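Open the model in your viewer and keep the selection tool at hand. The stops below say what to select next and what is there.

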Amino acid sequence: MEKPYNCDKCSKAFWHSHHLKRHIQNHAKEKPYACEVCHKSFTRNDYLKLHLPTHSEKKPHPCEICGKAFIQRNKMIEHLRVHTKEKPYSCDVCSKAFNTFTDTYKRKTICMCVLCSKTFSQKPHLDGHLRMHTKEKPFACDFYKKAFSRQSYLKNHSQVHAKEKIFQCNICNKTFSLKLNLETHLRTHTKEKPFACDFCTKAFSQKKNLQRHLLTHTKEKPFACDLCNKTFSQKSHLLAHIRTHTKEKPFACDFCYKAFSQKPHLEVHLRMHTKEKPFACDFCTKTFSLQQNLKTHLRTHIKEKPFACDFCCKRFTQMVHLKTHLRIHSKEKPFSCNVCNKVFSQETILTRHLRIHTKDKPFACDVCDKTFSQQSCLRKHLQMNTTEKPPVCDLHNKAFSHHSYLKDHLQIYADEKSFQCDVCNKAFSLKRKLEKHLRTHTKQKPFACDYCNKTFCQRSDLKKHLLTHTKKKPFACDSCNKTFSEEENFKIHLWTHTKEKPFACDLCNQEFYKPSSLKRHLYSHSKEKPFACEFCEKAFCQRWDLKKHLYTHTKEKPFPCDFCGKSFSAKPNLIRHLRIHTKEKPFVCEFCNKAFSDQQNLKTHIWIHTEEKPFACDFCHKAFSQNTTLKRHLLTHTKEKPFTCDVCNKAFALKSRLKSHLLTHTNEKPFVCDFCNKAFAQKSTLNKHMCTHTKKVFTCL
């Protein structure tokens, strides 16, 4: 049986004439029933009656389970099915069950898009979808030349011009022009997140946020750039990307007129002018202008370092710090100076370097108008010239230029060592000392010389090394005019004139010029040898002694003589050797004014005057003035002959004896007489021969 009442415009049919009459009002855009409160109009009187209770605060139908109240009873009944999981309405086509009858009705009507085969339950939804393909926007705004593909979008947009905000939040009194916006806002108070992800059970307060999140699982990027074919998961990301091609910056700052391509960037920029910092830390009440900065700051409280280096396992709180750190391993220096072509690993270092060329000094003192190229220099200047009292340590009455230095000083003398090494469990009172220590495990040397590319573990070592290139020695001694590149060495030198030895041993009261000498001396009491060789397990009291010992395994001799080309494994050995060529004898005996090229030789010589013999034999208690003499003497007790001739297998107790013996095989005679050019295999034989020329006679006393 056919429906007798047909619509002339859309051919839709109805059973009753009043249904047709109501339908015709939809075509005529006629809405004769208006609300007296908000002036919203409706096509039917019953729609107006349903709308009127939204203005009254009364919601007479509460849910018995969760207490949520509703204006209409049928809405409350539909809500109850959320708790009871009841679905009384089923589809006749696929038998799927639904909470409400309207959902069942929508399911029965299936409309398909002829362009992409996407299906819709209602024809208006299909019509709106088709406009995505045709780019048609039939609904235009009367105030602004903006058009929309759907009437609902135009309706929401019209509220912006009306500036009427009739929907108010009961908690914070904030008003909204759309009811949907109010409902979304209320979830910020209730913490309600009704939209759950089916993949990871993560929940969201807004449906659009869930839709964006789902793309992280599906990896779908439906929005493509027509210029470079780059794809994006969100349309807003595509629009922002397109501006990188068009160079369009539609968002301008009202204060300084700076323009931005994205609105969030403008909002962040505006906080520079308004000084607004809306993001507060729950631990220390510190505030931030950016949420990301707050997130990064919170890691300092929870000690979280999520970004780890794959090379040395060092961890960082921020990804940008990790990226900067990785350049130490890759030796990458991507930032180049346009003036001198010098390259740098960090942009901030390049910025500081450029001020050398531009003579730019952006940091000015408010008191004396003096300018500085670096903020740290300005900070030091202010502390030196202001009346503000510097921070002082109450225990040692020591003053510091900055509070952070005082804090570090107090931690040194405190018993607490809160920074522990993960590799060897050694603890430190300061974080920077732990960082230095970690480099001994990672072998990391982040400080590189710009002249010779030599790298160092510590910045102070690099500064000392640079003086070898610049040859600068700013510290001069007034007594002997000797110059020094380092202030520490200069102070130690001054004590040689004043005979002052400020560093004394608490166990034996022996005094030293240097704290390092005292530290080495203390090992003689403790018998501790913390520096072990990895090749032969031999241990040493000092790191330098270990370093010298390692050259015996590697056969490396990195210090060559400029005069004769002879190389040495240690620099002090080279310095002593150079005095053979320069004939320099800087060490003078205070008793007889005899000069020596080596300090140890002077020390041994002085024992002749003092008759001191500190080296005693454990077997016969005979004492000697030199350690080498004691070692030779000990061989008379042990009968040990460790030096063997490779030619005849004859053994010797001393290396010098073996050396003299080898000359008998080679017939080499290196010792030549200056008078008659006669040559000898041993120096003692030459000395005897020299007496024949000098007529020197030795008499027995």
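Which residues of H22 are buried? This is a predicted model, and helix H22 is the place to begin: select residues 599-610. Leu 602, Thr 604, His 605 and Trp 607 are the buried ones to pick out.

Next, look at the two ends. Asp 598 caps the N-terminal end of H22, where one of its side-chain oxygens is 3.0 Å from the backbone nitrogen of Gln 600. After the helix comes Glu 611, with a positive phi near 55°.

Move to another region and select Tyr 523, Phe 531, Cys 533, Phe 540 and Leu 546. These five residues form the largest nonpolar core. In soluble globular proteins, nonpolar side chains tend to be buried together. Within this group, centre on Cys 533: leaving aside residues up to four places away in sequence, Cys 533 touches Lys 538, Leu 546, His 549, Leu 550 and His 553.

The last stop is Thr 175, in strand E14, residues 175-176. Is Thr 175 buried, partly exposed or exposed? Its relative accessible area is 29%, so Thr 175 counts as partly exposed. Finally, draw a distance from Thr 175 to His 185, 10 residues apart along the chain; their C-alpha atoms are separated by 9.9 Å.

Note on methods:
Residues are numbered from 1 along each chain as its sequence is written. This is a predicted model: local features need pLDDT of at least 70, side-chain atom pairs count only at pLDDT 80 or more; totals for chains, interfaces and linings use all residues. Side-chain values use heavy atoms; hydrogens and water are left out. Helices (H or I, at least four residues) and strands (E, at least two) are DSSP runs, numbered from the N terminus. The expected span of a helix is 1.5 Å times one less than its number of residues. Buried means under 20% relative accessible area, exposed over 50%, partly exposed in between (1.4 Å probe, protein chains only). A polar contact is a pair of N or O atoms within 3.5 Å; within protein, one must be able to donate a hydrogen and the other to accept it, and residues adjacent in sequence count only if both atoms are side-chain atoms. A nonpolar core is a set of buried Ala, Val, Leu, Ile, Met, Phe, Trp, Tyr and Cys residues joined through side-chain atoms within 4.5 Å. Contact means heavy atoms within 4.5 Å.
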